[in-house]
Amino acid sequence: MKPSAFDYERPADLDGLIALTRREDLFVKMLAGGQSLGPMLNLRLVQPDLLVDITAIPELKRVEETADAVILGACVTHADIEDGRVPDATGGALPRVACGIAYRAVRNRGTIGGSLVHADPAADWISCLAAIDAEAMILGPSGRRAIPIDEFMTGVFQVALEPGELVEAVRIPRLSLGARWGFHKISRKTGEMAQAIGAILHDPARDVLRAVIGATESVPIVFSGAAPLFSGSPGSGLAKAFDASAAVRALEDSGITDAVDRQLHLVALKRAIDQAARP
Amino acid sequence: MKRINITVNGKAVSASVEPRMQLADFLRESLNLTGTHLGCEHGVCGACTLLVDGTPIRSCITLAVACEGARVTTVEGLDEDLIAGELRAAFSREHALQCGYCTPGMLISARDTVMRMPDANERDIRVAMSGNLCRCTGYVGIVRAIQSVITERKAKGLSSPPSPRAEFGPAGSGRARPTAVGAVAAAPAAARAARRPGPAGAADRAPEARRVAEPGVGKPQTTLHESFTVDYPRAKVWAFFGRLGDVATCLPGTSLLGTPTDEHVETRIRIKVGPIVSEFDGAADVVRDASSFSGVIRGSAHDARSRSATRGEIQYVLIEDENGAATRVEVDVGFTLTGPLAQFSRSSIVHDIAWRMTDAFARNLRARLNRGNGSARADSTAGASISEINAAPLILSVIWNRIKTFFRSLLGR
Amino acid sequence: MSNQGVGACALRKEDDRLLRGRGQFVADLRLAGMMDVAFVRSPLAHAKILGIEIPAEHRGGVFTSEDLTGVKPIRAVSGLPGFKVSVQPALAEGKIRHVGELVAMCVADTRAAAEDIAAAVRLDLKELPAVHDMLQGRAAGAPLLHEAWGDNIFLETNVEIDIAKALDAPIRVTREIRTARQCMAPLEGRGVVAHWDRRLEQLVIYSAAQMPHIVRTGLSECLGLDHGNIRVVSPDVGGGFGYKGILLPEEVALAWLAMRCGHPVRWIEDRREHLTAGANCREHHYVITGYAGRDGRLLGIDCEATVDSGAYSSYPFSACLEAAQVASILPGPYDFPAYRCRTYSVATNKCPILPYRGVARTGVCFALELVLDAIARETGLEPHEVRLRNLVRPEQMPFDNITKKHFDSGDYPEALRRAIAAIDLPAVRARQREGARDGRLIGVGTAVYCEQAAHGTSVYAGWGIPMVPGYEQATARLTPDGGLELRVGVHSHGQSMETTLAQVAHEILGIDFAKINVVHGDTAITPYSTGTWGSRSMVMAGGAVSRACREIARRAAEIGSWLLKTETEVVVRNGKVIGPSGSVTLEEVARIWYLHPQDLPADVNPGGLEATMGYKPARDSGTFSYAAHAAMVAVDPETGGVEILDYVIAEDGGKLVNPMVVDGQIYGGVAQGIGTALYEEMPFDSSGQPLASTLADYLLPGPTEVPAPRIIHMETLSPYTEFGVKGIGEGGAIAPPAAITNAINDALGALGPAEVLQSPATPRRILEAIAKARQRPPAGAAQGSAGERA
C-alpha cells in the first residue's frame, strides 16, 4: 500500500516549525525518523494533510551534558545511542536498551523523541525512560516546559502534548556510580513488539528506587517509589527481597485480568530485578 | 510535487517527486533501479534495505523527499565494492540465496555487519541480521557466508572502514536543506474534502451509513458493562432515555447528522487515537420496553476513510434505587469492528479504546442527567462532558479509573 | 563424477544476476504506457453487495463485475463423488464470501493514485453472518456460503479398513489436534502485468507463477480465448511454496482490462493483500485415536479430519486436496492392520486454502506423531522405540501400505536410528534429569515422515480435476557454437533449476556447464507442463532433460561417426563424439549441422540437433523420500518461550543431483516448519476478520529463530526414476511441527501431564498447558518453581 497524498515541509528552525504546526485548517503531523509513522502512512491508517519534517532543525539534534543530566535532542536516533556517539550517563543502560529496539536499519533512522511521541505501549523507550525518571522537554507556543516521562504518555498512542507543542529533547538524569538497573523485554522474536517489559533502577546514592511494568497495551505501570515491591530492605539484595504481591495488585488495578499476560509482566519485572542484582 | 536532489550510486539526480513517495518507489519507478525489492512496506522484512550516507535504512518507510542531499547506494551500486564482492562470492559458495528476492537487502545488512562487527560470532551475526527475512534458505548459508567473510578478513588483517556516521539524527537527514516555510499549499480542496468531510447532508453519505445493520449477524466481539446511579426518579430518567438524540450524543465524539426522531438517529462519531483519526458515520434505532424500563439501541457506522465499520448495541435497564428517589442505570455495550482497522492482532488496544468510550459514555449520560438542578452528585467528574476520545479526556479517564479503583477498594465492592 | 554433473555441488548459475540486483521479477518489468491497478476489496467476510458507488470523476477508471461481460467465473472442479462446485467470479457478483475478495478494479498512472481511487469507491454492503470456523461451518444451521449446496461441505470422504479389529486394543489414546491457518508468505507476493500484443494478436501475461501453462489454460477457459492467443511469461519468481500455483482472479481481471484498455496494466500484490486476501493454507482439525498393544505395536488408527477449505476451490484445484489426501497419507510410513478415516472439506468465509509445501503432510504428520508420543507415554517406552516397532522395514520394500501407497525404497528405521544417535538421546535424557541451571526444561522429540513426490497420471486421474499430470517434456537444442539450450515447462521459484537441470544435461553430454542454458517460464517457448509443484521438477523435468539429451547424443553420434568415418560404435562423452581412433567435438558436429550441411551424410536424421522428449518414471505412483527429524528444545516454563538447542535430520532423497541445493531445500523447509511449529498463525474473529494484516502480526521466523540443523544423508535410489532421484523439495517443512511439539511436550512432562496439541506452540498455549497440568493432582516429584504466581 502507498500513503494517501500529503504536503511536506522541512522547516529550518523552531519558530518555523511551530508556525506550521499551529495550522488549524490542516491535519499536521510531525515526522522525525518515520519508522513508526512510515508503516502507518503506507497502510493509510494515518492520513495527514501536511507532514512536517523536523530533522533539519539543529536544536533537535543537539546533545548537551550538565552536571546532573544528559540532554538528548528529540532527533537523536537509537543507533546514535547504541553506538555511543552520544554521551551516556546511565552506566550503559540506554545503549543496551537501544540495541534491542527493532532492527539496525530501523535504529539508524528511528529517534528517541519520535518513539516517545508515538506512544506505542510496547515500545522500549517509554518504559525504560520512565524507570530512569527522564523528562520530556517540551516546546510550544507558550514556551518551554518539562514533563516526567511517567506522566507523558496518557494512553495508547496518546501523550500529554497540547496543540502546537513538540518534544524538543529528553533529559536523562545522571545515575550515580553505584546505581543498578535492569531492563527485561519479552517478545516473540528478536526485534518484534514487546509482550512484556520490566525495568528497574536502584540508585541508593540519589535515594531512587523505581520500577516499571511496561508493554501493557496501555500506559506503563510506574512504581516511582518501588519499595512496596520488596519485603524488607532492598539493600539486602533486590532479587531476594522481591515480593510480587504489590505488582500483582497493580496489574489487577490496571485491568490486566488475563493470567498469561499477568505472568509475563511479572516474569519480565522479576528478571529485570535479577539483572539489576547481578554483580 | 517537490524537487529533490540526491546522489544515487555516485550519480547526481534531480527529480520532482510526490511527497508521499517512499525512497524505494522513487528508485524503482523513477530511476528504474529495480534491485531494491519491496517485501512488506512496513519495515519488517528488510528486502528494501539500502545504504543512505553509507548506513543501512529501510527504503520502504523512508520518504524520498526526506533524503534531500543524501548519498544513496543500492545493490546495483555495489558492483565494485570490495566487501560486497567478497560477500557475493561467499553467498554463492554457501548457497545463501534461492529465489534471490531478499538478497539485495540481505547483502546490504551483511556488509554492514562485516564492517561494524569484525569479531562477530554466529550468534552476533544472527542478531545483527534479524531485520532481514528470508523464506527460502533457513539462513544457514547466509550466516555461514557472513561468518566466512569475517574470518577471512580477520585472517588477512583487513580492517573495516570506520563508521561513516559522525552527526546525529536519522540517517540521510544530515544534508537536507530546509524548505521555504510559509508556502504550504493547502491540500487540494477536493482531495481533502473526500478525506475529511464536514458535517454532511444525508445525500452525501453512503446508503449504508444511513441504515442500521440488521441484527443477528453475529455476537459482538467486545462487550463491556457500566453501572451508575442518578438522583432522579425512574420515570424522569426513562423520559430522558426516550430522547435518542440526547442519548446518542453522550458517546464521545458524536455529533448528530440531521434531525433525530425518538426511534432513529443518524450520527458521526469521531475517534482520534494518536495520529489515527476515524469518522464513523452511521445510524441507530431504539427499541424500548416501558414495562421493564429497558431499551436496546442498535446501531452501525462506517468509516469511509479506512473502509472499516462497526456495529453494536447498547442495552440499558433502569432500576429504582433509594426508595425511588434515585435510579441505577445498568448499561451493556457490545460491538464488533470490521475492516482494516480490525485486522491487527493487538486487539487489546481496541478494547482499551472501547472501554474508554464506554466509560465516557456512561459519565456523559450521568453528567447530562445531573446537569443543573444542584444534584448532590454533580461533582467535578460527573460534570465534565467528554467531547471526543482524545488526549485530554483520556487523562480524565485515567484519573476516573483511579478514583473508582480507590473507592472500590475502600468500599470493598 | 565430474564437478559439473549429477552429484556435484555445482555453484548456481542463477546467483550472479540475483546478487547484483539484476534479477527480473514481475514488478521489475517496464512496458511503455503501463498503468497501475489497485483493487477495492471486501472489508467484510460475508455480505450481499447492495451497491457500488463510483464517484463521477473516477468513472472510466473503475471496473466492476458488470463491466466484465463475457468473462466466465473460475470453476475448479473435481469428479470425486459428492464434490460440490464453487463458482468464483473474477470480481464479486452480488455476494462476497471472504475478506479481501475483489469487488472493483481501479486504474491510474501510479499505484498510489489507483489506491486513491479505490478509497473513493463506496460499497453498500449488507453483512451476513459468517462461517469463521470449519467446525461451526459443519454444524447444522450454519450460515451458507453457496446457498445451492444446502450445507458447507465441499466433499466428505470415508476410508475404513478392518477398524473393528482394533477397537479392543489394550491401549487407546484419543487426541483433539489443530493446526493453525497460515500464509505461505514468499518474500515476493503475486504480481501480474498484462498487455495485448497487437502484432501477434496475443494476450501477454507476465505473472509470478509456478505453473504458467496451467495459468494459460485457465485464462483460456475464463476469457474464451484460444490458447494461441495467450502467452504467459513467468519471470524470476521470489519464492512460491504453493502460493503461486493457482490461477488468480486478479490474472483474469487484468487480462480483461489489458484487452479493454489497449495499454499494459500492472498489479503488484502488497503484503497486506497477501496476508488478508491471498490464499491461506494448513488449517486442519483432527480427532484421532491410536490403538496399540502394550508393546507399543500399533493396532489401528481411527481419525476424523476436518479441513478449512475457505470460500472457493482455486484453479486448477484446491478445495479438497488437503482433506481428501489426509485419508490416504495419514498412515505414513507405519505398518498397521486397521484404519478408519473420515474427512470433511468445509467451505468457510476465508480466502481459499491452497496446498502449501508439504501439502496435507505437515498436518497428518503432526496429528499422527503426537499420537505416537502419547502412546509412548502410555506404554512407558521411548517414543523412538514405539516408532521403530511400527515403521516399514527395509526388507518389505517395495511396500504397499494400508491405503495402498506404494513405497519405492528405503530404510526408515535406519534413518530414525541415525537421527537418535546424532541427537545423542542418552546425553539428552541425562541433561534432562539434572535440569537446566537456568530453570528451563529440556525436551527431545522425534518425527518421521514420508514424502510422496512427483506422483503422476495414475494418482491424479481418479480425482477428476482440471489438471492431471502426464508425460513431462523437455526440449534440448545444440546451438551452432556447441552450447546447449534446454526448454522445460516447469518453473523455478528458487529451486535452482537453471543449475540442476544443466547438471543433468552435462552428465549426459559432457558439454561445459557454463554453455548450458535452461529456458523456462514462458509458454511460448517451452513444452506444456503442469509446472512446479509436488516436489516433482527434478524427477519429472530432470528425467525429461536426460531423455532429450540422450536423443541429442544419439543424433550427434550419427553425424560424428560419419565425420570420424567409423562403422564401430561411438560414444558421446565430455562434449565429444569419441570413436575408436579420434573424436570430434559436439561443437564441430553442431557447426556442420547448422552451417555446413554439405558435409553431412545423405541419410542424416532431419530432426537435427533439437529434440523434444517426454518422460514418466517407470512407475508413476510417486517417489518416496523420507526423513527422521529429532529436535532438542529448552522450554522456559515462566514465559512459555522455546529455544531449539539442536536439530537433526536423517534424510533419504535418493540420488542427489546437487547436494548443496538439496541441503538448501531442507534447511529452508525446516525454517518454514519452525514457523508452522512456533510462530505462524492467521487468526480470525467470529465475523471472519483476519487478524494479522502485517508482518508484525504474522510472525515469520528470522535468523535468531532458526537454528542450523545437522543433516545426515542416506541415498537409497528410487528403482523407478532416472538416476534414482526422488523429489525432496517439500520434506523439510513436514516434520518440524511434530518433532518440536513432541519435544516441548517431553519437556513439559517434568511438570505433569501437560500437552500442547495445537500448532503453533505459542508461549500462551504452552503456559496454558502448564497451568492446566498444575490444576490436576501432582503427577510426580518434579515441580518447577516457575509460573506459580499466575
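Me: Which domains does the domain assignment of chain B give?
Reply: This is a predicted model, where local features need pLDDT of at least 70, side-chain atom pairs count only at pLDDT 80 or more, and totals for chains, interfaces and linings use all residues. Residues are numbered from 1 along each chain as its sequence is written, chains are lettered from A and ligands numbered from 1 in the order in which they are written, and side-chain values use heavy atoms, with hydrogens and water left out. Domain bounds come from an automatic or database domain assignment. For chain B the assignment gives domain 1 (1–78), domain 2 (81–162) and domain 3 (207–411).

Me: How many residues of domain 1 of chain B are in contact with domain 2 of chain B?
Reply: The C-alpha centres of these two domains of chain B are 22 Å apart. Contact means heavy atoms within 4.5 Å. Domain 2 of chain B brings 15 residues to the contact, and domain 1 of chain B brings 16.

Me: What is the area buried between domain 1 of chain B and domain 2 of chain B?
Reply: Buried area is the accessible area (1.4 Å probe) that two parts lose on being put together, summed over both. Carbon and sulfur atoms give 62% of the area between these domains of chain B, and the total is about 1300 Å².

Me: Which strand of chain B gives the most to the side of domain 1 of chain B that touches domain 2 of chain B?
Reply: Between these domains of chain B there are 7 residue pairs in polar contact, both at pLDDT 80 or more; a polar contact is a pair of N or O atoms within 3.5 Å, where within protein one must be able to donate a hydrogen and the other to accept it, and residues adjacent in sequence count only if both atoms are side-chain atoms. Helices (H or I, at least four residues) and strands (E, at least two) are DSSP runs, numbered from the N terminus. With 3 residues, the top contributor on the domain 1 side of chain B is strand 3.

Me: Which helix of chain B supplies the largest share of the side that touches chain A?
Reply: The contact takes 71 residues from chain B and 72 from chain A, and the two chains bury about 6000 Å² between them. The interface has 22 residue pairs in polar contact, both at pLDDT 80 or more. Elements that each supply at least two residues on the chain B side include helix 3 (103–116), strand 9 (276–289) and helix 12 (391–411). The largest share, 5 residues, comes from helix 12.

Me: Which residues of chain C lose the most area to chain B?
Reply: Here 83 residues of chain C meet 70 residues of chain B. The buried area is about 6100 Å², with 52% from carbon and sulfur atoms. Together supplying 14% of what the chain C side buries, the residues that lose the most are Leu19(C), Leu187(C) and Pro703(C).

Me: Which helix of chain C gives the most to the side that touches chain B?
Reply: The interface of chain C and chain B has 8 salt bridges, one of them between Arg135(B) and Glu680(C), with the closest N and O atoms 2.7 Å apart. Residue pairs in polar contact, both at pLDDT 80 or more, number 34. Helix 1 (15–19), strand 1 (35–41) and helix 16 (659–679) are among the chain C elements that give two or more residues. With 8 residues, the element that gives the most is helix 16.

Me: Which strands of chain C stand at the edges, each with a single partner strand?
Reply: Chain C has an open sheet of 7 strands, in the order 3-5-1-12-9-10-11, with mixed pairing. Each edge strand has a single partner, so one side of it is left without a neighbour in the sheet; these are strand 3 (62–63) and strand 11 (230–233).

Me: In strand 5 of chain C, what is the bridge partner of Phe63(C)?
Reply: Two strands pair if DSSP finds at least two bridges between them. Strand 3 of chain C runs antiparallel to strand 5 (residues 102–108) of chain C, and 2 bridges join them. The partner of Phe63(C) in strand 5 of chain C is Met105(C).

Key: Salt bridge = Lys/Arg side-chain N within 4 Å of Asp/Glu carboxyl O.
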